[in-house]
Amino acid sequence: MTPKIVIDAVDKSFGDNRVLDGVSLTVGAGEVISLIGASGSGKSTLLRCINLLEPIQSGRIFVGDVEITARNVDLNAIRRKIGIVFQSFNLVPTLDVRENVLLPFELAGRSLGPDERAWVARSFERDVRPLLTPIGLDPAHPFPQVVNKSLNFIVELAGKDAFG
């Protein structure tokens, strides 16, 4: 299996607090993993390092065959190719659930023609609705701010799965 993400001996500290100590991990194409650990053990920090939101002190991170921690990489180009779901699950309260799921796609600056709009609608019905319906969440639900954090997370993941 070809690795999609390789984390090689990554160290990250905040002052004297060493959060990541020689962390190495390989994730293959199509592989799904979970980072499990106690609060404060570095799970979110590792994800933020992969997205280049936190600099590492040493080690290397590859996405595909590109070392994203090398000097002179285009940070914005890298970040456009890596999705992240933050721990604060903020939806736009003036949009319904379906609109919140589609928002990242629109924010990516895509000007959608008629064929792409049709593709988005088909993708939503095929990929997103099946994630929302079993948990009783109507995509047209007009008040996402009353949706609990677990459902907010699912709405954000649905958007990333469908369009990421």
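Guide: Happy to! Keep in mind that this is a predicted model. On the surface, Ile-33, Leu-35 and Leu-47 make up a nonpolar patch, and together they have about 220 Å² of accessible area.

Visitor: Where does Leu-47 sit?
Guide: Leu-47 belongs to helix α1, which covers residues 43-50.

Visitor: And why does Leu-47 count as partly exposed?
Guide: Because its relative accessibility is 40%, and partly exposed covers the range between under 20% (buried) and over 50% (exposed).

Visitor: OK, now the inside. How many residues has the largest nonpolar core?
Guide: It has 13, and Ile-7, Val-10, Leu-20, Ile-61 and Ile-68 are the ones with the most contacts inside it. Two or more residues come from each of β1 (3-14), β2 (17-28) and α1. α1 gives the most, with three residues.

Visitor: Which residues does Ile-7 touch?
Guide: Leaving out residues up to four places away in sequence, Ile-7 touches Val-23, Ser-24, Leu-25, Leu-46, Ile-50, Arg-60 and Ile-61. Ile-61 also stands opposite Ile-7, in β3.

Visitor: So how do β1 and β3 pair, parallel or antiparallel?
Guide: Antiparallel, over five bridges, with β3 spanning residues 58-63. β1 pairs with β2 in the antiparallel sense too, over eight bridges. Within that pairing, Val-10 has Val-23 in β2 as its bridge partner.

Visitor: What do β1 and β2 form?
Guide: A hairpin, with two residues between the strands. Look for Gly-15 in the turn: its phi is positive, about 65°.

Key:
Residues are numbered from 1 along each chain as its sequence is written. This is a predicted model: local features need pLDDT of at least 70, side-chain atom pairs count only at pLDDT 80 or more; totals for chains, interfaces and linings use all residues. Side-chain values use heavy atoms; hydrogens and water are left out. Patches are made of residues with over 30% relative accessible area and no salt bridge: like charges are joined within 9 Å, nonpolar side chains (Val, Leu, Ile, Met, Phe, Trp, Tyr) within 5 Å. Accessible areas come from the Shrake-Rupley method with a 1.4 Å probe; for residues, only the protein chains shown count as cover. A salt bridge is a side-chain nitrogen of Lys or Arg within 4 Å of a carboxyl oxygen of Asp or Glu. Helices (H or I, at least four residues) and strands (E, at least two) are DSSP runs, numbered from the N terminus. Buried means under 20% relative accessible area, exposed over 50%, partly exposed in between (1.4 Å probe, protein chains only). A nonpolar core is a set of buried Ala, Val, Leu, Ile, Met, Phe, Trp, Tyr and Cys residues joined through side-chain atoms within 4.5 Å. Contact means heavy atoms within 4.5 Å. Two strands pair if DSSP finds at least two bridges between them.
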